[in-house]
Amino acid sequence: MADLIGGLEAWSVAEFLRRSVWAYPLVNWLHIIAIGFLITSAILMDLRILGLGRGIDASVVVRHLRPVAAIALVVAIAAGFLLFAVKAGDYARNPVFLTKMGLLALAILNAALFTSFRAHRDRHSAGARAMAAFSILLWLSVALAGRLIAYVE
Amino acid sequence: MQQARRKLLSLLAATALAAACVPALAHHGWSWTGEEFFELTGTLTDIYVGNPHATLELDVDGVVWRVELAPLNQTLNAGFDETAVALGAEVTVIGHRSLDPNEPRMKAVRVIVGDKTYDVYPDRAVELPSP
């Protein structure tokens with residue numbers, strides 16, 4: 001594990017980002033923009049499942065927003081990985097960062113379970129609603145933990 | 001009535017949570033530092049000039065102080081980077097220390113290495129005697 005972290009920090013891309021006054025803020029920007037798309041689309045789907053906006057069929061909402069959320073998730077993870085690489089050793093020791101990763105894993109697992117169980121087909125099921133509510137809580141918590149990483153060592 | 005009360009309670013809980021977070025937010029800007037200038041001299045044990053924050057670690061009589069510098073571009077513009085000082089060298093830092101007297105942490109305005117002076121916050125360094 002320590003070798004992996006050390007290798008990541010020695011990676012030429014990490015070294016470049018560490019010292020670049022423009023590339024690092026740009027990657028940071030990309031990370032935040034992707035998170036904006038991800039959390040917005042995820043929560044809009046969750047709210048529809050919880051009963052908001054009954055005028056639009058839930059399956060239509062999910063069909064349009066799920067790809068947005070999926071692409072945004074990939075971009076957010078890619079940009080986040082670059083930000084992590086810059087100070088991998090510090091983040092790997094940071095309890096808030098580790099908490100964020102745990103919450104992120106739960107949020108992705110929750111979304112994957114929801115999709116595989118096709119819970120949205122029965123939008124009135126208590127299970128679907130519980131997962132949607134849990135999803136909102138998880139994504140907001142992931143964002144909060146992410147914001148707090150910088151304030152803890 | 002019941003609902004209003006529940007709302008009030010959750011608002012209180014949220015406020016308490018936010019308040020609990022405040023001591024941890026001692027990192028960005030100057031909100032976490034005191035008004036007075038503070039000077040510290042110690043042995044350099046670590047230097048990091050890069051994103052997201054440039055920092056130094058100074059050993060002062062066995063206590064390791066964490067010294068935050070300016071944002072990367074501003075620190076580099078002041079002419080300060082890893083080539084300016086070697087580990088083990090004596091470094092003097094003038095800036096503002098943490099409001100928490102038990103926290104060995106400060107934010108630098110000026111870094112002095114030997115006869116060289118680096119004003120990483122030139123706008124604030126004008127209040128200091130010129131080197």
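Trainee: At roughly what angle do the axes of helix α3 of chain A and helix α7 of chain A cross, and within what distance do they come?

Mentor: Bear in mind that this is a predicted model, where local features need pLDDT of at least 70, side-chain atom pairs need 80 or more, and totals for chains, interfaces and linings use all residues. Residues are numbered from 1 along each chain as its sequence is written, while chains are lettered from A and ligands numbered from 1 in the order written.

The axes of α3(A), residues 23-49, and α7(A), residues 126-148, come within 8 Å and cross at roughly 155° (lines fitted to C-alpha atoms over the stretch in contact, with angles from 0 to 180 degrees between N-to-C directions). That angle makes α3(A) roughly antiparallel to α7(A) (over 145 degrees).

Who does the touching? From α3(A) come Ile35(A), Ile39(A), Ala42(A), Ile43(A), Asp46(A) and Ile49(A). From α7(A) come Ala128(A), Arg129(A), Ala132(A), Ser135(A), Ile136(A), Trp139(A) and Ala143(A). Contact here is C-beta atoms, placed from the backbone, within 7 Å.

Let's zoom in on Ile136(A), which sits in α7(A). Beyond its neighbours within four places in sequence, Ile136(A) is in contact with Ile43(A) and Asp46(A). Ile136(A) counts as partly exposed because it has 18 C-beta neighbours inside 10 Å (20 or more would be buried, 12 or fewer exposed).

Now over to Leu38(A). With its neighbours within four places set aside, Leu38(A) is in contact with Ala69(A), Ala72(A), Leu73(A) and Ala76(A). Leu38(A), Ala72(A) and Ala76(A) are also among the residues touching the most other members of the largest nonpolar core, which has 33 residues (buried Ala, Val, Leu, Ile, Met, Phe, Trp, Tyr and Cys joined through C-beta atoms within 7 Å). At least two residues of this core come from each of α3, α4 (58-86), α6 (95-117) and α7 of chain A, and α4(A) gives the most, with 11.

Stepping back, buried residues make up 29% of the 153 in chain A. Of the contacts in chain A between residues at least 6 apart in sequence, 79% join residues at least 24 apart. Its C-alpha atoms fill a box of roughly 50 × 25 × 25 Å along the principal axes.

Technical notes:
Helices (H or I, at least four residues) and strands (E, at least two) are DSSP runs, numbered from the N terminus. Angles under 35 degrees count as roughly parallel, over 145 as roughly antiparallel, 65 to 115 as roughly perpendicular and the rest as oblique. Two residues are in contact if their C-beta atoms, placed from the backbone, lie within 7 Å.
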